[in-house]
Amino acid sequence: RRIAVLASGRGSNLQALIDAIAGGDLAAEVVGVFSDRSRAGAVERARAAGIPAVSLRPRDFDTRAAFDEALFSRVDDVQPDLIVCAGYMRLLSADVVEAREGRMINIHPSLLPAFKGLHTHQLALDAGATEHGASVHFVTAELDGGPVIAQARVPVLPDDDVERLSARVLAREHPLLLATVGALVEGRVRLVDGQVCDHGRP
Ligand code: GRF
């Protein structure tokens with residue numbers, strides 16, 4: 001199965017996918033990495049692994065829709081079965097999302113529906129949460145609002161700060177993403193009528 005990855009940052013989730021595939025733990029191929037930041041670590045990691053990487057600059061486009069159309073036309077070129085947003089930090093326009101519903105997932109560092117958007121670890125600390133974590137969900141037009149496929153939970157400890165808490169969550173993100181991508185590429189999980197079906201059953 002062909003996977004396209006969208007990423008804006010350091011790319012540790014991308015690296016987890018690359019390593020799992022190289023180690024024979026995931027029967028898939030990352031066929032392209034797509035970014036809104038040419039200097040993203042994810043772009044470097046892709047190139048180091050011999051994966052084609054495309055980055056476009058948002059400021060070269062007049063509108064969000066124009067940028068998204070250009071980026072996703074490059075995504076479509078690699079004919080992915082699955083599109084994984086792994087630390088992709090730009091809002092997506094509804095058109096590109098809706099055309100790919102059920103084929104695009106995102107990993108988000110909170111136990112959705114809690115703490116959508118940015119700064120999730122700080123928000124969890126500020127809220128006095130005793131539990132935090134990460135979610136993988138199907139992407140819909142609503143930011144971080146699509147159907148949740150799987151979550152990983154971690155405790156929030158008394159002396160946590162953003163750095164400690166985010167590291168604890170990130171360590172769980174990688175296996176969570178690998179397990180979810182595995183289930184999707186094997187067809188064990190899919191989106192049917194807006195709901196997550198496991199083993200084909202709602
Ligand atoms: C992760 O915490 C992911 O959940 C969030 O952005 C971060 C990306 O990390 N959406 P990396 O670039 O994969 O290392």
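**Figure 1. Packing of α1 against α2 in the predicted model.** The axes of α1 (12–22) and helix α2 (residues 41–48) approach within 9 Å and cross at roughly 20°; axes are lines fitted to C-alpha atoms, for helices over the stretch in contact, and angles run from 0 to 180 degrees between N-to-C directions. α1 is therefore roughly parallel to α2, where angles under 35 degrees count as roughly parallel, over 145 as roughly antiparallel, 65 to 115 as roughly perpendicular and the rest as oblique. The crossing of these two helices, α1 and α2, is right-handed; a crossing has this hand if the near helix is turned clockwise from the far one by less than a right angle, and is left-handed if anticlockwise. From α1, L14, Q15 and I18 meet A42, R45 and A46 of α2, contact requiring C-beta atoms, placed from the backbone, to lie within 7 Å. The contact of α1 with α2 has four nonpolar, one polar and one charged residues. Here Ala, Val, Leu, Ile, Met, Phe, Trp, Tyr, Cys and Pro count as nonpolar, Asp, Glu, Lys and Arg as charged, and the others, Gly among them, as polar. Helices (H or I, at least four residues) and strands (E, at least two) are DSSP runs, numbered from the N terminus. Residues are numbered from 1 along each chain as its sequence is written. Because this is a predicted model, local features need pLDDT of at least 70 and side-chain atom pairs count only at pLDDT 80 or more, whereas totals for chains, interfaces and linings use all residues.

**Figure 2. Packing of α1 against α6.** Helix α6 (residues 162–185) and α1 have axes that come within 9 Å and cross at roughly 50°. This angle makes α1 oblique to α6. α1 passes α6 in a right-handed crossing. On α1, the contact is formed by S12, N13, A16, L17 and A20, and on α6 by L170, E173, H174, L177, L178 and V181. Seven nonpolar, three polar and one charged residues make up the contact of α1 with α6.

**Figure 3. The two domains and their contact.** An automatic or database domain assignment divides the protein into domain 1 (1–100) and domain 2 (109–202). Their centres, taken over C-alpha atoms, are 19 Å apart. In the contact, 20 residues of domain 1 face 13 residues of domain 2. α1, β4 (82–86) and α4 (94–98) each give two or more residues to the side of domain 1 that touches domain 2. The largest share of that side, five residues, comes from α1. By class, the side of domain 1 that touches domain 2 comprises 15 nonpolar, two polar and three charged residues.

**Figure 4. The shell around the ligand.** The ligand is surrounded by 15 residues, of which G9, S12, N13, G87 and P109 are the closest; a residue is near the ligand if its C-beta atom, placed from the backbone, lies within 6 Å of it. Two or more residues of the shell come from each of α1, β5 (104–108) and α6. The shell divides into seven nonpolar, six polar and two charged residues. Domain 1 and domain 2 both give residues to the shell, so the ligand lies between them.

**Figure 5. Backbone details in two loops.** The peptide bond from L112 to P113 is cis, with omega near 10°. P113 is placed in the loop between β5 and α5 (120–126). Q79, a residue other than glycine, has a positive phi, near 50°. The loop between α3 (64–77) and β4 holds Q79.

Conventions:
Contact = placed C-beta atoms within 7 Å.
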